[in-house]
Amino acid sequence: MASAPPPGPPLPAAIQAGLIWLDPIRFVDTCHRRYGDVFAIRIPVIGTLVFLANPEHIRMVARGDPAIFHAGEAAAPLAQVVGRHSLLVIDDDKHRRSRSLMLPAFHGDAVRRQIAEMIAITAEEVARWPVGEPFPLYPRMQRLTLEVILRTVIGVHDRHRLAALRAALPPMMEIGSPVELIPPPEALLRFGMWRRRAQRRAAAVELLNDEIHRCRADPQLEQRTDALAMLVRSGSSTASAGEPMPDDELVDQLVTLLLAGHDTTATALSWAFERLTRHPELLARTAHAAADGDEAWLDAVCRESLRIRPVVFEFGRKLTADLQLGGYHLPAGVILAPSINLVQHSSRYYPDPDSFQPQRFLGQRPDPAVWLPFGGGVRRCLGATFAQVEMRTVLREILLRVELAATTAPDEPVRARHVTMVPRQGAVVTVRRRIAAARLATAS
Ligand code: HEM
């Protein structure tokens, strides 16, 4: 018996696009309450988005045949920013091959070799913070996480080249609004915002190409620990890969790592502090954990923060074949949107889901079926280990260096900023005082 399509708002696609554009969180929540765990939203140009809020359905999709669930096709509009070879926008064999070349640089051992650099960068950043006056943390975290990527992923340490990259990369990654990502007719590419985007990308790509050439020619290549060096080495030594990763592909992967790994981690860290400063006892406990080297507590704080304020609300898979799911018929071509946010805020899986309780994760690994900040399956975030090590390290190093004031200010609302969900006021914090170097020395 043929099953029905999933339910969804009976509104014209243009109105649905307007509603999701104005307030994506409220619109998706309302649809979830009204239609249940599988519902469809229609958007002009993009097509039908089917949201999923049942962990079993999500597991089927994330762990299903990657030839049927295309993440690259779902993210295709991003190719204008990250390039057509980017891991984010490719599928099937090409994805498998590129991902396997990139994975070793993001394994635990490789990431642990970057901790000293992360600590040094955090110390430099915190030294610039004002004492006694409120400031938004988010731009500072963006600067910090960009620096981490530049030095540990691209392996740049020269002062002048770092300055040039710091200036050229953020404008290239600025997406503005999702509307800008709708591919325009070819003739328009030479005008307006599309022309400006192409110019910004060309400027950044030139600098990244220069880094790739320097890396290939570096006599210290074998000793280097950054991801670019590992990619260049693995590309030239992997027999199964045949040839080294060509430069145009390498450059797209570097842009991908910058885009996927910089603002996401900055947002996650900003939320962690936004939550902690509104919970004085947890803030004090976390400062003690930093001083005592209690990594389990720091981990629990990061995990709970990523649960209650996921940076990315859903991930995407475009169906290449018809599918029956949850009693509904989903035709090829629809985009499935497993909702990280709906699952992680459901009282079915988390008692008192709106309350910030790091102790939920103390001493236990999160259940991967219902803790999804990094997506899942063969497309799970390549930098998940890197991001968690970076979050824990930065959290600890900040709390070792400054005492932050708790606040009674209302919770900062969640604001959609293209694919990430950021604190609306930028996570405003106040440093009460700097901590004496003596205590720092004791902790390290
Ligand atoms: C807290 C920080 C981060 C969050 C919340 C996050 C979240 C995500 C999510 C939800 C996905 C999609 C997963 C899926 O479709 O199943 C993803 C993919 C990806 N992330 Fe992250 N990410 C973070 C940090 C990073 C970092 C630090 C890097 C690298 C330096 C990175 C690199 C990537 C890449 C390359 C992909 C595409 C993987 C593929 O398609 O095979 N991310 N991330």
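**View 1. The shell around the ligand holds 16 nonpolar, 7 polar and 3 charged residues.** Nonpolar here means Ala, Val, Leu, Ile, Met, Phe, Trp, Tyr, Cys and Pro; charged means Asp, Glu, Lys and Arg; the others, Gly among them, are polar. This is a predicted model: local features need pLDDT of at least 70, side-chain atom pairs count only at pLDDT 80 or more, and totals for chains, interfaces and linings use all residues. Residues are numbered from 1 along each chain as its sequence is written. The ligand is surrounded by 26 residues (C-beta atom, placed from the backbone, within 6 Å of the ligand). Closest are Gly261, Phe315, Gly375, Cys381 and Gly383. Helices H13 (247-261), H14 (263-277) and H18 each give two or more residues. H13 gives the most, with 4. Helices are DSSP runs (H or I, at least four residues), numbered from the N terminus.

**View 2. Arginine 380 sits in the loop between helix H17 (340-344) and helix H18 (384-401).** Arginine 380 is partly exposed because 13 other C-beta atoms lie within 10 Å (buried: 20 or more; exposed: 12 or fewer; partly exposed: in between; C-beta atoms placed from the backbone). Leaving out residues up to four places away in sequence, arginine 380 touches Phe374 and Gly375 (contact: C-beta atoms, placed from the backbone, within 7 Å). Its C-alpha atom is 9.9 Å from that of arginine 63, 317 residues apart along the chain.

**View 3. The largest nonpolar core has 116 residues.** Such a core joins buried Ala, Val, Leu, Ile, Met, Phe, Trp, Tyr and Cys residues through C-beta atoms within 7 Å. Val50, Phe51, Leu231, Ala272 and Leu395 have the most contacts inside this core. Helix H9 (residues 137-153) gives the most to the core, with 9 residues.

Methods
Contact = placed C-beta atoms within 7 Å.
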